[in-house]
Amino acid sequence: MDTPLSVPPTDPAASFRFGVTGMTCASCVGRVEKALSQVPGVRSASVNLATETATVATDGSTSAAELTAAVAKAGYGVAIEEVSMAILGMTCASCVGRVEKALAHVPGVQSASVNLATETARVQAIAGTPREALVAAIAAAGYEVAPLPVDTANRVDGGADAAALALAAPSPQARVAARERRHLVFAALLSLPLAVPMIGMLFDQHWALPGWWQFVLATPVQFWLGARFYVAAWKAVRAGVGNMDLLVALGTSAGYGLSVYHLLFTQPHHGEPPLYFEASAVIITLILMGKWLEARAKRQTTEAIRALQALRPATARVRHPGGHEVEVAVATVRVGDHVVVLPGERFPVDGEVLEGRSHADESLISGESLPVAKEAGDRVTGGAVNGEGRLVVRTAAVGAESVLARIIRLVEDAQAKKAPIQRIVDRVSSVFVPVVILIAVATLLGWGFATGDWTAATLNAVAVLVIACPCALGLATPTAIMAGTGVAARAGILIKDAEALETTRTLRTVAFDKTGTLTTGRPELLALRAVAGDDATLLAHASALQQGSEHPLARAVVAAQKARGPLPTPATDITALLGRGIDGRIADTRIVLGSGRLMRELGVELGGLAAAGESEATLGRSVSWLASDAGEGLRLEGLLAFGDPPRPEAAEAVRALQAAGLRTVMVSGDNLGAARAVAAAVGIHEEDVRAEVLPGDKADVVRALAAEGPVAMVGDGINDAPALAAADVGFAMGSGTDVAMHAAGITLMRGDPRLVADAIDISRRTTRKIHQNLFWAFAYNVVGIPLAAAGLLDPVVAGAAMALSSVSVVSNTLLLQRWSPRIRS
C-alpha cells in the first residue's frame, strides 16, 4: 500500500512516513521497527501493520536511502515512485549538479538524475513524496519547474498520453526558444553599430562612435537582454555555487564598468577615452546567438522521439454492437472495443484484426521497410499505417500499455539516464566555475601588479571568464546519447539505457540462441518413424499431448495432425518438463514426449531407431522421441523429426559481426547434429556450438564466455531471459509486442539478426561522438583559458569561442542523424 510521505513543514528533515510492503504479522512489525531504530540518527520508529506504514523520527542527519536500505535488509520493501519534471533556467553542467544536489536533500528522495540536453529531472522517491517539496527545492536552487498539463500532472512515467498533450500545445521550451530568438535580434541590432568600428580596424579605418552613443547602445544589451545572466548569477551566489551565468555576468560587467569609468573620469589626450562597450555588448550577443543555435540543435537531437510521438492519432472510429460507428477521442477507447480503420489511416490502438484484409506500413515503429500483410487473426500496432483495405480491429491495448507508448518510454528512459563517463564530467563541472574565477582573479592581480596597466589586466581577466565553457561539458554526453538512441529507435533498435549503449561498443563475443533467432522459428514436422510402423498412432499420441502448448514444435505437431484429420482428445495430467519435454496420460496410458536426454534419464532404450535419430540429426533436424507406459514400463513408440530452416538473413548477420572482429557462438537446447547443421549454414564455427543446453544452463554458458571479455546474448527474450540477464548486454529479438523485455539491454523490434551488428555499430559511433565532444569541450578550456590568462585573446574572440564551443559540440552530435542501417543486399 502506497502511503503519502508526511513531513512536518517546520522541520522537513525530522520525520518520515512511508509505506512498507511484505509484512504479514506482528513479528514483521517488530523486525522492521528494530531495523529502522538501528539506523544512525533515528530517534524513534513506529510501524502500523493495518495501514502498512512506518513513521520514523530522526535528528535530521538520516536520509531516505538509509531507511530504505534498512527495511530491505530486514526483508521488506518500501514503495518507490519515479517523478519526471521539466526544469527551466539551466545553462551549464554546474547547473545540473546544483539541481541534483538540491533534490537529493529533499526528505524521501533516494536518487535524482538531471539531463541538461533534455532539461529534465528524474527523481526516485518514496511513494507519496510531495511534488511541492521537489519544486520548492529546485526553486531554492535558483531554477523553475515547467508546469505539467492537468492530465499529466500526476503521471510518473510520461507515456503516449503525455506526448499527445505535449504536441497539442506549445511547450515551455518552445516559448523560451521564441523569446531567445527575439532577444537575439534586438541584441544584434544594438551591437552591430558597436561592432562596425572593430571591422574598420582591419582596414586601418577608425569609425568609432562617440562615447555616449556607445553607452546608449550597450546599456540595454547589458542590463535588459543580459539580465538573465545577472538573475541566474545572483541565484547561484545565494546558493553558494557558481555557473556559466556567473562567469558571463562578471566578465561583461567588468568590461562595461571599465568603459563607464573611463567615459566619466578619464581625460584623453585627444579623441575619445579608451572604451570597451563593444566588447561587453558583442560578447552577450554572441552568447545569445550560441544559446539560440544550441537550442535549435538540441531540438533536432530529439527529432526521432517526436516523430514517434506524432504517430498516434487523436481520434478513433469505434463500432458499437448495433453496427453504427462513432468517432471518439483515442483516450476514451477501452480494451475490447471494435475499431474501424479505413485505407490510409493510422491504427489508433493495438489490437487483433477481426474483419478485412490489408497491408500495414510499420516502418516508423519496427524499422521494417516493406508493408506487412494483415488479415483476420493478425495483430496490428497503433501508429502503423493501414494500406489498401478496410479493417475492423478488436482493441488489445491502449494508452500507456500500447506498444508505441512503451517504445517512447524506453527511448525517453535511455535518453534521461547518464552514461558512466558522465559521472566523471559531473565531478569536473562541480569545481570548474570556482577554479575559473580563481584563475581570473590571479590574471587580474598578476597583470596589474606586473605591468601597472590595470585596464589591460581587467580585459585579460574578462577574457578568462568568458572563454570558459562549462555548458559544452554538460552537453557533450547527453546530446550524443539522445541522438544515438533516437536514430537507433527509428531503425527498430530500442536501447534501454546509456550504460547498455556504452557497454555494447566493448563486446568481444555475441552468443545466439538457435530457434527463432538464427532460424525462422516456424518448424515443420518432416519425418515420423514408428517402432511398430503405425505412424498415424504415433502422431495422434504426440498431438494429444501438444494441443495446449504454444511451443513451436508443438504447433508443428498439431498442424501436421490437422492436415491428416481431426485432432484427438487432449491428454490429461499434462506436466511440462522444462527444457526436456512433456508428460501426460491418454486414458490409462502414460505418454512421454521429449529429447534424447529425457529418454536417457527415464531409461528408455532407443533400440534400432537410434541410428535413424542420428541420421535425422545430421540433416540438421530436431528429433523428439515418444514413449508410452501401459503398466509394463516405458517403451519407445517412435521418433518425430522437425526442420526449422535458418533465416535468410542469418548468414549475413554472422558475417557482419565476424567482419567487425567479434566472435559468434550458438547456444541451443537442440541436439548437437541439428545445432551444427544450422551453425554451418550461417557461418558459425563448429567449435563455437554449444548444444543440448537447458534453458537454466544457458546463463552459465554466457558467464563462461564472459571470462574471455564482454559478451552479448541474442534470444527471443522469453525462454532466454536468464541468459539475457547474465550477459553484459542482452539483445531481445521479437515483434513490437515483445518491446517490454526487461531482461534485455537492447530490444530489436523485428526478427532480423542483422540488427545486432547495426546496434553495435550505432553504439560505437555514439560512444565515439561522446569522446569527440568531451575532447572538444575540454580542449576549448585547456587551450583557451591559458591563452586568455596570457593576454593573447581579445575578450570578444573569447566570447565567440565560448559560444562556438557549445554549438560545435551539439553540431558534431547531429552528424549521428545521418546514420542508417547497412544497405541490405
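**Figure 1. Glu652 and Arg754, a buried pair.** Glu652 and Arg754 are both buried, where buried means under 20% relative accessible area, exposed means over 50% and partly exposed lies in between (1.4 Å probe, protein chains only). The two residues form a salt bridge, with 3.2 Å between the closest N and O atoms. A salt bridge is a side-chain nitrogen of Lys or Arg within 4 Å of a carboxyl oxygen of Asp or Glu. Helices (H or I, at least four residues) and strands (E, at least two) are DSSP runs, numbered from the N terminus. This is a predicted model, in which local features need pLDDT of at least 70 and side-chain atom pairs count only at pLDDT 80 or more, while totals for chains, interfaces and linings use all residues. Residues are numbered from 1 along each chain as its sequence is written, and side-chain values use heavy atoms, with hydrogens and water left out.

**Figure 2. Lys698 and Asp513, a salt bridge between a helix and a strand.** The closest N and O atoms of Lys698 and Asp513 are 2.8 Å apart. Lys698 lies in helix α25 (residues 695–706) and Asp513 in strand β19 (residues 509–513), so this pair ties together parts that are 185 residues apart in sequence. Lys698 is buried, as is Asp513.

**Figure 3. Other salt bridges.** Side chains of opposite charge can pair when their charged atoms come close. Arg621 and Glu616 meet through their side chains in a salt bridge of 2.8 Å, N to O. Arg621 is partly exposed, its relative accessible area being 23%, whereas Glu616 has 4% relative accessibility and counts as buried. Elsewhere, a network of salt bridges links Arg317, Glu327 and Glu345. Over the whole structure, the search finds 22 salt bridges.

Figure 4. An open sheet of seven strands, with mixed pairing, has the order β18-β30-β29-β28-β19-β26-β27. The edges are β18 (493–495) and β27 (689–690), each with a single partner strand, so one side of each has no neighbour in the sheet. Two strands pair if DSSP finds at least two bridges between them. Strands β19 and β28 run parallel and are joined by four bridges. Here Thr509 stands opposite Val711 in β28, and Ala511 stands opposite Met713. Strand β28 is also parallel to strand β29 (residues 729–733), again with four bridges, and Met713 stands opposite Gly730 in β29. In strand β28 (residues 711–715), five of the five residues are buried. Val711, Met713 and Gly715 cover one face, and Ala712 and Val714 the other.

Figure 5. A cavity is a set of points, on a 1 Å grid over the protein atoms alone, where a 1.4 Å probe fits but cannot get out; lining residues have an atom within 4 Å of a point. Grid points are joined across faces, edges and corners, and a volume is the space filled by probe spheres set on the points. By this rule there are four cavities of 30 Å³ or more. The second largest cavity holds about 70 Å³ of space. Its lining has 14 residues, and those nearest its centre are Arg312, Pro348, Val349, Gly382 and Ser402. Eight residues of this lining are nonpolar, four polar and two charged. Ala, Val, Leu, Ile, Met, Phe, Trp, Tyr, Cys and Pro count as nonpolar, Asp, Glu, Lys and Arg as charged, and the others, Gly among them, as polar.

Methods. On a 1 Å grid over the protein atoms alone, a cavity is a set of points where a 1.4 Å probe fits but cannot get out, and a pocket is an open set with protein on both sides within 12 Å along at least five of seven lines; lining residues have an atom within 4 Å of a point.
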